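Grab a pencil and work through the exercises below with the model open beside you. Each task comes with a solution that goes step by step.

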Amino acid sequence: MEVGPATTVGTEVYVDPDLCSRSRHCHAKHRCVDLCSMGVFVSIKGDGVYPEKSQLCCMCFLCNDFCPAHAITVRWTLRA
Ligand code: SF4
Ligand code: SF4
């Protein structure tokens with residue numbers, strides 16, 4: 001049997017910048033930044049948010065459920 005490197009399971013968070021910047025409901029307050037207990041998001045100066053610490057995501061899906069623009073995608077990643 002051939003033994004390969006262990007597979008690592010991680011998380012990835014993506015924010016669609018076009019959808020986010022179109023939202024007029026929460027964009028000015030960047031609610032997802034406050035909502036995330038893991039500190040994944042940072043506000044970008046002047047516009048939008050960025051999932052800077054995507055790897056810390058614990059998959060609670062609060063941001064995904066909240067975002068009125070449906071701009072946030074949270075998913076598993078597999079690395080061999
Ligand atoms: S909750 Fe959605 S629309 Fe609001 S700042 Fe975050 S990504 Fe943008
Ligand atoms: S799913 Fe939860 S932990 Fe992950 S980025 Fe969204 S609010 Fe943060």
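**Exercise 1: Thr77 and its surroundings**

Leaving out residues up to four places away in sequence, Thr77 touches Thr8, Val9, Gly10, Thr11 and Glu12, where a contact means heavy atoms within 4.5 Å. Before going on, note that this is a predicted model, in which local features need pLDDT of at least 70 and side-chain atom pairs count only at pLDDT 80 or more, while totals for chains, interfaces and linings use all residues. Residues are numbered from 1 along each chain as its sequence is written, chains are lettered from A and ligands numbered from 1 in the order in which they are written, and side-chain values use heavy atoms, leaving out hydrogens and water.

Task: find which element holds Thr77, and decide whether Thr77 is buried or exposed.

Solution. Step one: Thr77 sits in strand 4. Helices (H or I, at least four residues) and strands (E, at least two) are DSSP runs, numbered from the N terminus. Step two: the relative accessible area of Thr77 is 12%, so it is buried. The cut-offs are under 20% for buried, over 50% for exposed and partly exposed in between, with a 1.4 Å probe and protein chains only.

**Exercise 2: The layout of the chain**

Task: work out how many helices and strands there are, and in which pattern they follow the sequence.

Solution. Step one: count them up, and you get 3 helices and 4 strands. Step two: read along the sequence, and the pattern is β-α-α-β-β-α-β.

**Exercise 3: The core**

Task: say which residues have the most contacts inside the largest nonpolar core.

Solution. Step one: know what to look for, namely a set of buried Ala, Val, Leu, Ile, Met, Phe, Trp, Tyr and Cys residues joined through side-chain atoms within 4.5 Å. Step two: the largest such core has 16 residues, with Val13, Phe41, Ile72 and Val74 making the most contacts inside it. Strand 1 (8–15) and strand 4 (72–79) are the elements that give two or more residues to this core. Step three: follow Val74, which, apart from neighbours within four places in sequence, is in contact with Glu12, Val13, Cys57, Met59, Phe61, Cys63 and Asn64.

**Exercise 4: Two positive phi values**

Task: find where Met59 and His70 are placed, and what phi each has.

Solution. Step one: most residues other than glycine have a negative phi. Step two: Met59 has a positive phi, near 60 degrees, and lies in the loop between strand 3 (49–50) and helix 3 (62–66). Met59 is buried, at 14% relative accessible area. Step three: His70 has a positive phi of about 55 degrees and lies in the loop between helix 3 and strand 4. With a relative accessible area of 65%, His70 is exposed.

**Exercise 5: Distances**

Task: find how far Lys45 is from Leu78, and Asp16 from Val49.

Solution. Step one: Lys45, in the loop between strand 2 (42–43) and strand 3, is exposed at 85% relative accessible area. Lys45 and Leu78 are 33 residues apart along the chain, and their C-alpha atoms are separated by 32 Å. Step two: Asp16, in the loop between strand 1 and helix 1 (17–22), is partly exposed at 22%. Asp16 and Val49 are 33 residues apart in sequence and 9.4 Å apart in space, C-alpha to C-alpha.
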